[in-house]
Amino acid sequence: MKTISRMDLIEEYKLRLLIREGIKTVNKRNKRKDYDEILEESQLRSVIRQLLIREGRGKPEGGHKSTAINRLEKLLHNIIDVLEDDFKELATDKDQRDSFRAHIINAVQNTFEPEELALQADSGKGLNERIKIKLDGIDDPRFIKVPRASKEDEDKEEEEEIKQKEDPEIVKKSNFIIPGHDETGAEAAFLTYDKVETQIETAYSTLKNKEDRETFEDYMIANLKIYFDQFEEEMDPSIEEPASDIASDAPPAPVPSGPDMSAMMPPAKRDDIIEFDMNKIANLIEI
């Protein structure tokens, strides 16, 4: 039976340590390479996405066959950057941004309703329905029916009088806020909508054609949802840097199983350890 000398055991132990360190170096290098490639691809996609978005927000050419789409394109060109800047300021949590989104979309929909009623009134639509007198059980053609205010109408008039005495800004905010949503996002949306409301009202109110108004409403809400989705995606990075053993406080991996040589060897002195270039060892292992 061949006897293994003490020096052979020491050299074998050193070699195992060097090989293990070399393997670690290779693994770290591969992880870093993979991470760099993923990060580079993600950054490239982000740049391309930004270029496409900004290209889409370029100066409107008015080349669509729909007046509503041309009007909406011009409107979005003027307001979308305002919405994006204020949306992305809400960086604490997603609830704030969800609230901002919900309030803006709801406010736009509410803006359409009174404008639509005003357009109908201007066109005389529904006039006959508003002034038609129904004579229930009365055959006398001389009868003149005078509308009388109901208790509900009186209560509404009283409520309106109370509101008119209140601060208009408080009333406006009270009507704007949606209960149950994040208050920070709601406040931000209120201030933002004040910046763009007039432009939205002007663009919509000048469309007198019913088909144009319906197209404008539909495309406006759809585009807002798409842009808010893009803003949210840009604020939610999906790439995380891989963990590094260098910065970790975890203890080193145990020595591969084998005979316990620590008791057979004296404490190694610095002079006894051969210096090696870890990168060279790693290259040899990779080969």
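## A tour of the predicted model

Start at lysine 74, which counts as exposed at 53% relative accessibility. Keep in mind that this is a predicted model. Lysine 74 is in helix α2.

**Stop 1: the whole protein**

Zoom out and show the cartoon. How many helices and strands are there in the protein? There are 9 helices and 0 strands.

Next, colour by burial. Of the 287 residues, 23% are buried.

Now think about contacts. Take those between residues at least 6 apart in sequence: 80% of them join residues at least 24 apart. Several stops below show pairs from separate parts of the chain.

**Stop 2: helices α7 and α8**

Select residues 183-205 for α7 and residues 210-234 for α8. Their axes come within 10 Å and cross at roughly 145°. Which residues of α7 and α8 make the contact? From α7, pick Ile200, Ala203 and Tyr204. From α8, pick Arg213, Phe216, Glu217 and Met220. Colour them by type: 5 are nonpolar, 2 are charged and none is polar.

**Stop 3: the nonpolar core**

Nonpolar side chains tend to be buried together in soluble globular proteins. Look for that here. The largest nonpolar core has 32 residues. Which residues have the most contacts inside this core? They are Ile200, Phe216 and Met220. You met these three in the contact of α7 with α8. Helices α2, α3, α7 and α8 each supply at least two residues of the core.

Centre the view on isoleucine 200. Leave out residues up to four places away in sequence. Isoleucine 200 then touches Leu75, Ile79, Val108, Thr111, Phe112, Tyr193 and Met220.

**Stop 4: alanine 107**

Go to helix α3 and select alanine 107. Is alanine 107 buried or exposed? Its relative accessible area is 6%, so alanine 107 is buried, since the cut-off for buried is under 20%. Set aside its neighbours within four places in sequence, and alanine 107 is in contact with Phe176 and Tyr193. The C-alpha atoms are separated by 7.7 Å, although the residues are 86 apart along the chain.

**Stop 5: salt bridges**

Side chains of opposite charge can pair when their charged atoms come close. The whole structure has 11 salt bridges. Visit three of them.

*Lysine 88 and glutamate 234.* Their closest N and O atoms are 2.5 Å apart. Lysine 88 is in helix α2 (residues 67-88) and glutamate 234 is in helix α8, so you are looking at distant parts of the chain, 146 residues apart. Lysine 88 counts as partly exposed, at 27% relative accessibility. Glu84, Lys88 and Glu234 are linked in a network of salt bridges.

*Glutamate 232 and arginine 97.* Here the closest N and O atoms are 2.8 Å apart. Why does this pair tie together parts that are 135 residues apart in sequence? Glutamate 232 lies in helix α8, while arginine 97 lies in helix α3 (residues 94-123). Both glutamate 232 and arginine 97 are buried.

*Lysine 172 and glutamate 197.* The closest N and O atoms are 3.4 Å apart. Lysine 172 sits in helix α6 (residues 168-176) and glutamate 197 in helix α7, so the pair ties together parts 25 residues apart in sequence. Now compare the two ends. Lysine 172 counts as partly exposed at 34% relative accessibility. Glutamate 197 is buried, with a relative accessible area of 18%.

**Last stop: aspartate 236**

Select aspartate 236, in the loop between α8 and α9 (278-286). Aspartate 236 counts as exposed, at 52% relative accessibility. How many residues apart in sequence are aspartate 236 and lysine 94? They are 142 residues apart in sequence, and their C-alpha atoms are 9.6 Å apart in space.

Definitions and conventions. Residues numbered from 1 in each chain as written. Predicted model: local features only at pLDDT ≥ 70, side-chain atom pairs only at ≥ 80, totals over all residues. Heavy atoms only, no water. Axes fitted to C-alpha atoms, helices over the stretch in contact; angles between N-to-C directions. Helix = DSSP H or I, 4+ residues; strand = E, 2+ residues; numbered from the N terminus. Contact = heavy atoms within 4.5 Å. Nonpolar A, V, L, I, M, F, W, Y, C, P; charged D, E, K, R; others polar. Buried < 20%, exposed > 50% of the residue type's maximum accessible area, 1.4 Å probe, protein only. Salt bridge = Lys/Arg side-chain N within 4 Å of Asp/Glu carboxyl O. Core = buried A, V, L, I, M, F, W, Y, C linked by side-chain atoms within 4.5 Å.
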